[in-house]
Structure formats: structure tokens, C-alpha cells
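Okay, thanks for coming, everyone. Let me put the structure up, and then I'll walk you through it.

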Amino acid sequence: MHKRRVVCAAALLIVLPLLIKAQTPPVDISFTVAMPRPHTHLLEVDVAIKRTVNGPQEEQLVMPVWTPGSYLVREFARHVQDFAATDAAGQPLKWEKTNKDTWRITTNGTASWHARYRVYANELSVRTSELNSGHAFWNNANILMYLDGFLQSPSTVRVLAPDVWKVATGLPAVLGQKNTFRAANFDILYDSPFEVSNFKTLMFNVKGVAHRIVIDGEGNYDPERMRRDVQKIVETEVELMGGEVPYHDYTFILHLRGGGGLEHLNSCALGYPRFGFRISEGDRATSAAPNTTDAPERDYRGFLSLVSHEFFHLWNVKRIRPDALGPFDYTQENYTRMLWVAEGITDYYADIALRRAGLISESDYLSAQARAMQTLQNTPGRLVQSAEESSFDSWIKYYRQDENSVNSQISYYEKGALLGLLLDLEIRKRSAGAKSLDDVMRYLYTEYFKKNRNYGPVDFQKACELMAGGGLEEFFSRFVHGKQELDYNAALNAAGLRLEKIAPNTSVRASDRIFFGADLTQAGDRLMVERVYAGSPAYEQGLNFGDQIVALDNLRVTRDFFNERLAEKKPGDLINLTIFRFDDLSTLLIKLGPGREGTFRIVPLTSQTEVQKKIYRDWLRTT
Ligand SMILES: [Zn+2]
């Protein structure tokens, strides 16, 4: 809670020393992270607790079970080994574990004591940790325990690394102490990953603020182009959010292995394939055809999209915080119904920012939106789970997907991004182009973050209604709380556009003309059913996940053979599948259905009003 009050300058002089005294931390917490034998993947952690007076008889150290931004309980304590505790003289202290993530140390009131342990770190992802002969990367929530009751306490982290390695983190350095960094509290500590290696660094400034891209690994990227384009993204998003740079410096940690991104307060961690930076000039994706294996998402543009998403998070979720997301409870799930905003609208702005920065064309942008609409419409789960339910259950559903997920869930990223598009165009339409979702995001930043408040579902809806100049109850009850089909054309009309569906029977692609309804995967010489779509011919006529298809119309099959034969069929044709279900051989007759909705494409209306033209220009910033 943050109460505002007016204090005159003279009063401040008196009050300030008292405040400082009252806020003096009762305990000094300093971590040392060492890596004397990198090939063992063991990070060695020493936590030193110091007081000027005696402490309690017992104290507890707790290892977080999750790391913010990745909504799954991951039980980081499972990688802890060799725990020991000693007093200041090095005498062992008794300790015991009281649950999966808590160590209780019998300190007998001693003012200073240490705990030491090792953490096995051999999993590279943006939310885990890795130490090997090449580098160290860690999330502090994976390896640093907090002193129970002292999450608000400051702490320091000293890194002991091989001489040839440098240290990068968003935490400020402690002057005069080599490789030592300070965190004002544990939420900040846990929001500041470390990269320790012989990384390369690209630097640029935006509004006088230093930004660096720290790159571990070799790849086919063009450093000058990367620096220039990432800078454009930063400049565009800073402008979009009102022009203020809300940090002292910013670090992009980029691994040229793995994939994905994780947002932090003044840094982010990114993983991208080392040969994923191939640049394709011009407008590649001008049709609404689904991606081929040469998909734009896998080239340089996919990297820019990742940067654009993670960087936008520094406002949306790191500062514009939904209800439960900060300060955090590190011992259990933290529930929110707002991940469709925190992740989905971040995804919406990732694409918008690339367009406004001139890094993708209008047709690229619109094609990507058409593909996203088609993906959602091909997901049976859209009629089963709402955007809010998807957010709330991320811990047990989105992060734990199985063969039934497509039938029972939607992605709060995918649907959230489309809701962002629909809301943005709805607000622009209602306000005749005067306001937009950009105004909502800036409003949440000034009215919630700046006033040290988190927002909830009602606050978000009210902010949208304020900008739209009227109620949006119907929109939210149908599309956000509810599971009704999204009305793309009502939204696109605001910008003089419409969604066109190329009829399935005229499509050149066989998979559009007919509907089978299962995804197959080739596992060695076995053709396996990976997923069956609810309501499809395959689903209704008895094909199961896990079935092995051995023959189609009595001929031995591979996936390619299956697809080629299916392409020769038409709706209403029967196919005869020979399958193994567990160890039992049987046959299954399936009648193929007509293609689903066809291929989606966003096209201009034949005539557009001046307001529609203005909305389109403001939205996609053409000149
Ligand atoms: Zn995200």
C-alpha cells in the first residue's frame, strides 16, 4: 500500500533520517555463486546471514517452486544437494528439511551464520539454469534461497567465475567489488537472470539510456542489422507507451540455442536457433496460405518478433501488473485471470510494433492475423474454455498440454492477441478514431503502475470503456468471460477491411477440400496418431490418439503415402484404415467430410469511409 501525502521540504529534513533508520534492514544477506568445476554442472552457493544483534533460535531458507513469467510449479529444490549450515566460526549447525522446499536451521540465536549447497544446473531454457564448460546461465529463483520472512530485504550476489568469463545481469553492480551486484528486494533479485561467459556484446542507446545485447554462441546473424533493428523495436515501443524509458539500463541475454523468451524488469532472456537469422527480403507471406516448412517464423523475422514480445513485457506484466502477479508468493501457484492481457495483448503489440517500426509490411501483418484467426477457428477447444479460464488454469493446462488439449483448451497467447486486435479496432470505431488500445495501455501504466497498484479484470474493462466512450459489457461477456465465436468482421470493418474465406471446394490444397481430422506423426517406421480433433470424421468414427496406422485401403503406409492418397479423395469417400490399438489389430472405416471453413484472407472493402481510412492509417501507420 502506498499512501500519498504532502510533506514540506523542511519537514522532510526531519522525517528523512527517521525513515532511513526505520528502514535499515535488520539482516544482511549476501550470496556467493561459484563454479569451480563447470563440467560437473554444479553451481556452488554460499548464503551469508549477518545481523548486528542476535537472531532467532531457528531460521528457514526457502527455495522458490516457480519463476515469474513461467506459470508452472517446477520444484527447483529438486536440484539442490550437499546442503550444510555453519556459524560464524565455521562450526556446523543442525538443520532439517520441513517440506519439499524448506530447510530449517537451528541457529541458537547466533548473529551470523552461513548455508552452503550445490545446485545441479544442466537445462538450458529461459526459465531454468545451465552450467557447463562453455558458459553459465541462471535464473536466481532456480538457485538462490530466501530467508523466510525477509523477501523485502536487500541482498548482494557475488559471482566467482573463471577469469576469461564476463558477467551480465540487469542488477546494478556494487562499486569497488568485483562481479558483485545488489538487489533491492527478492522480487527484483528473482527477476534478474545472469549470463556468465565469454559473450559478445552489441550496444545502443535510446533516449540516452544504455541497451546491450549479450550473445552467447555463434550463429548466422548480422550484428549491425541486429543492433539496428532491435533499437528500432525499442524506440517504437517506448514511443507507443508514452515516450518514457522506465529503467536505468536494459540487457537482452541471447542464447543461440533452444528457443523462447522470458521477460524481466530491465532485462530479458531469449533463445533462438543459431542458424535462424536468415533474412528474406520483401513481402514473403502475401497470401493467407498456412506456413510451409520455410515459414517466416523460423527466420530473422521470428527473432524480431520474439524481441518485440519480450521487450513489450517490460510495461505489460512487469509494470502494468495483473492482480496476483507481484509481489509474488514463491511457494505455490499465483492465480490470475488476466494472462490473456499479460501475454496475449503483449503478442498483439509485438506484431503491431514490428509493423510500426517498418520491419514488416502491411500485407505481412494482415496475413499473420488471418493465419492466427484460422488457427483459433481450427481449435475445437475455443468453444470449451474461455480466455479467462485459460489464464487461470495455465498452471495445470497450458503448461501441461496433452493430446486432448486442442479439444479442451485455447492458448491465452493466441486468443488474447486476437482479443487485442478486436478490442483495439472496437475502441477506434466507438471513438471514431480518437482513441485506441494504445491509450488503454498508457492509462494502465500511469493510473496503476505509477500509483503502485495492480489491476484486475474489472479495472481492465473499465479502462477500455473509458477509451471507447461507452460500455463494453457485451464484448467482455461474449468473448472474454464467455466462449462465443469471435466476430472478426465486425472488428475489421472499423479499418475498412473484411475477412474473406476462400471456399474449401475451390482450394488447391487437398487438405482444405476434405476433412479427416487427425494429426499423424511418423515415428521411425510407425505412423502414429498424434491428436484427433473433436467433432471431426476421425474423432466421431473412432480413431484414437496412440493408434498406429499400418495400412490405408490395404496398402502399407508412411505419412507421405497417407497424405498423397488422401489428396486424391473427395468428401464422402470412405477410407479403410488398418490399425494397431495397443497390441490388437483391427480395421476402421472412416467417411471423409467436406473441408472446414476454407482459407482465411484479410482484404480491403470495396469502398471505405474517411473514418475507416483514418483508422487504418493510425492503426498500421502508413503514410
Ligand atoms: Zn510473454
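So, strand 2 (residues 42-50) and strand 7 (residues 112-120) pair in the antiparallel sense, over nine bridges. Lys50, for instance, stands opposite Ser112 in strand 7. By pairing I mean that DSSP finds at least two bridges between the two strands. Helices and strands are DSSP runs numbered from the N terminus: H or I with at least four residues for helices, E with at least two for strands.

A quick word on what you're looking at: this is a predicted model, where local features need pLDDT of at least 70 and side-chain atom pairs count only at pLDDT 80 or more, while totals for chains, interfaces and linings use all residues. Residues are numbered from 1 along each chain as its sequence is written, and side-chain values use heavy atoms, with hydrogens and water left out.

Strand 16 (residues 209-216) pairs with strand 17 in the parallel sense, over seven bridges. The bridge partner of Ala210 is Asp249 in strand 17. And which residues of strand 17 are buried, by number: how many of the seven? Six of the seven, so strand 17 is largely enclosed by the rest of the structure. Buried is under 20% relative accessible area, exposed is over 50%, and partly exposed is in between, with a 1.4 Å probe and protein chains only.

Strand 18 and strand 19 (residues 267-271) run antiparallel, joined by four bridges. There, Glu263 stands opposite Cys268 in strand 19. Contact is heavy atoms within 4.5 Å; angles run from 0 to 180 degrees between N-to-C directions, with axes fitted to C-alpha atoms, for helices over the stretch in contact.

On to the helix pairs. Helix 4 (residues 223-240) and helix 6 (residues 339-356) pack at about 110°, axes 9 Å apart. That makes helix 4 roughly perpendicular to helix 6, a label that covers 65 to 115 degrees. Ile233, Thr236, Glu237 and Leu240 in helix 4 meet a set in helix 6 including Tyr349 and Arg356.

Helix 4 also meets helix 5: their axes come within 10 Å and cross at roughly 35°.

Last stop, Pro172, in the loop between strand 12 (166-169) and strand 13 (180-183). Buried or exposed? Pro172 counts as exposed, at 52% relative accessibility. Leaving aside neighbours within four places in sequence, Pro172 is in contact with Thr180, Phe181 and Arg182.

Key
Parallel < 35°, antiparallel > 145°, perpendicular 65-115°, else oblique.
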